[in-house]
Amino acid sequence: MEIKHKIWLEMDGHVVFGPGRDVLLKAIDECHSLNAASKKLDMSYRAAWGRVKASEERLGIKLVENEPGRTGMHLTETGRNLVRRFDQLDQEISRLLEEANRDLFSSEG
């Protein structure tokens, strides 16, 4: 037996950011394109864009922007910070749960 977790951010009952959007923003950053990122993640462009726009609207900040003079896209500094902080939080929670799993279940056998 072990303790598991999944975290996400909500606002008024709507997802603002979570593991799926984290992966999507990382793919956009890696591919420099929403279209390429959505293909990489095997999702429609429309679904990917909808998730990005919903998060931006709910947070009131820009997470991605088009590259000037190109068809590419990249994360804003705010978007990069959100991904970094979300990943840090997830890692901290994972570490705490690993400790709790060791402490709570070390006597199992």
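1. Helices here are DSSP runs of H or I with at least four residues, and strands are runs of E with at least two, numbered from the N terminus. This is a predicted model, where local features need pLDDT of at least 70, side-chain atom pairs count only at pLDDT 80 or more, and totals for chains, interfaces and linings use all residues. Residues are numbered from 1 along each chain as its sequence is written, and side-chain values use heavy atoms, leaving out hydrogens and water.

2. Do look at Asp-42, in the loop between helix 2 and helix 3 (45-59). Its phi is near 55 degrees, a positive value in a residue other than glycine. Asp-42 is exposed at 74% relative accessibility (exposed is over 50%, buried under 20%, partly exposed in between, with a 1.4 Å probe and protein chains only).

3. His-32 sits in the loop joining helix 1 (19-31) to helix 2 (34-40). Phi is positive for this non-glycine residue too, near 55 degrees. With a relative accessible area of 38%, His-32 is partly exposed.

4. How do helix 1 and helix 4 (residues 77-105) cross, and at roughly what angle? Their axes come within 10 Å and cross at roughly 130 degrees, which makes helix 1 oblique to helix 4. Axes are lines fitted to C-alpha atoms, for helices over the stretch in contact, and angles run from 0 to 180 degrees between N-to-C directions. Under 35 degrees counts as roughly parallel, over 145 as roughly antiparallel, 65 to 115 as roughly perpendicular, and the rest as oblique.

5. In helix 1, Pro-19, Asp-22, Leu-25, Lys-26 and Asp-29 meet Arg-80, Val-83, Phe-86 and Asp-87 of helix 4 (contact means heavy atoms within 4.5 Å).
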